[in-house]
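Thanks for coming. I'll take a few minutes on the backbone and the nonpolar packing of one model.

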Amino acid sequence: MLPMPALCWLCRLPLRVAAHGLCSVCLRTLPPLPVLCPRCGLPASSSRVVCGRCLRSPPPWQALVCVSGYQPPLRHWVRQLKFYRITALRVMLARLLLLSWLEAHRTRGLRRPDLLLCVPLHKMRACRRGYNQAALLAQPLARWLGCAFQDGVRRRRRGALQHRLSASQRRRNVRGAFQLEIAVRGRHIALIDDVVTTGNTVGEISRILLAQGAASVQIWCLCRTL
């Protein structure tokens with residue numbers, strides 16, 4: 001019996017390389033990003049020089065890479081992966097994140113990390129969902145980049161869902177919520193998340209990593225709320 005061909009997630013036509021998930025035509029038609037600040041990842045006048053916001057109050061991480069704003073089709077795919085258990089999306093989404101990082105590596109000179117970490121879920125939420133979507137992205141990325149992936153950050157308390165809170169509530173919600181369980185001194189780290197909105201969650205973890213001696217922290221996400 002002949003196997004069924006893999007289909008593009010957008011146009012549903014057969015793919016030559018099944019693992020890619022998107023055909024080359026659909027890949028080129030994904031919504032382009034505006035010019036973003038290389039550090040905070042928000043709209044700016046230059047993609048090479050940090051914006052005025054970062055000059056006044058820089059985020060704790062050194063660089064941010066994203067695939068898209070929080071808009072279709074990425075928003076739809078993130079929700080399917082996160083809430084509807086369509087984990088078959090993981091390789092395609094990880095590849096989009098890899099392509100975005102490779103472009104930033106080429107144009108901005110971003111250093112290749114030697115360790116990938118993911119934003120953790122509380123154990124009760126992870127148990128109910130059955131997986132951490134950020135870890136599903138980090139695993140193939142680590143394999144493709146030839147670097148380590150460790151589940152080295154633990155969420156100490158559950159807290160409310162970030163997307164339901166205001167900006168000030170988000171800051172309070174993540175304060176003291178994470179614990180580092182591995183040694184990171186001297187290591188260049190990429191922290192993986194699906195969506196970065198205010199940056200409070202990845203910012204809190206970045207502060208912990210740098211306080212424990214990490215050499216640098218990059219934030220990699222599928223969507224950045226712009």
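Helices here are DSSP runs of H or I with at least four residues, and strands are runs of E with at least two, numbered from the N terminus. The model is predicted, so to be clear on limits: local features need pLDDT of at least 70, side-chain atom pairs count only at pLDDT 80 or more, and totals for chains, interfaces and linings use all residues. Residues are numbered from 1 along each chain as its sequence is written, and side-chain values use heavy atoms, leaving out hydrogens and water.

Backbone first. Arginine 85 sits in the loop between α3 and α4 (90-108), and its phi is positive, about 60°, although it is not a glycine. Is arginine 85 buried or exposed? By the cut-offs used (buried under 20% relative accessible area, exposed over 50%, partly exposed in between; 1.4 Å probe, protein chains only), it counts as exposed, at 53%.

Then there is the loop between β1 (63-69) and α3 (74-83), where proline 73 lies. A cis peptide bond joins it to proline 72, with omega about 0°.

Now the packing. A nonpolar core means buried Ala, Val, Leu, Ile, Met, Phe, Trp, Tyr and Cys residues joined through side-chain atoms within 4.5 Å. The largest one has 38 residues, and Leu96 and Trp77 are among those with the most contacts inside it. α4 gives the most to this core, eight residues. With contact meaning heavy atoms within 4.5 Å, leucine 96 touches residues including Leu22, Val67 and Trp77, leaving aside those up to four places away in sequence. Another core, of 23 residues, lies apart from it and includes Leu115 and Cys221.
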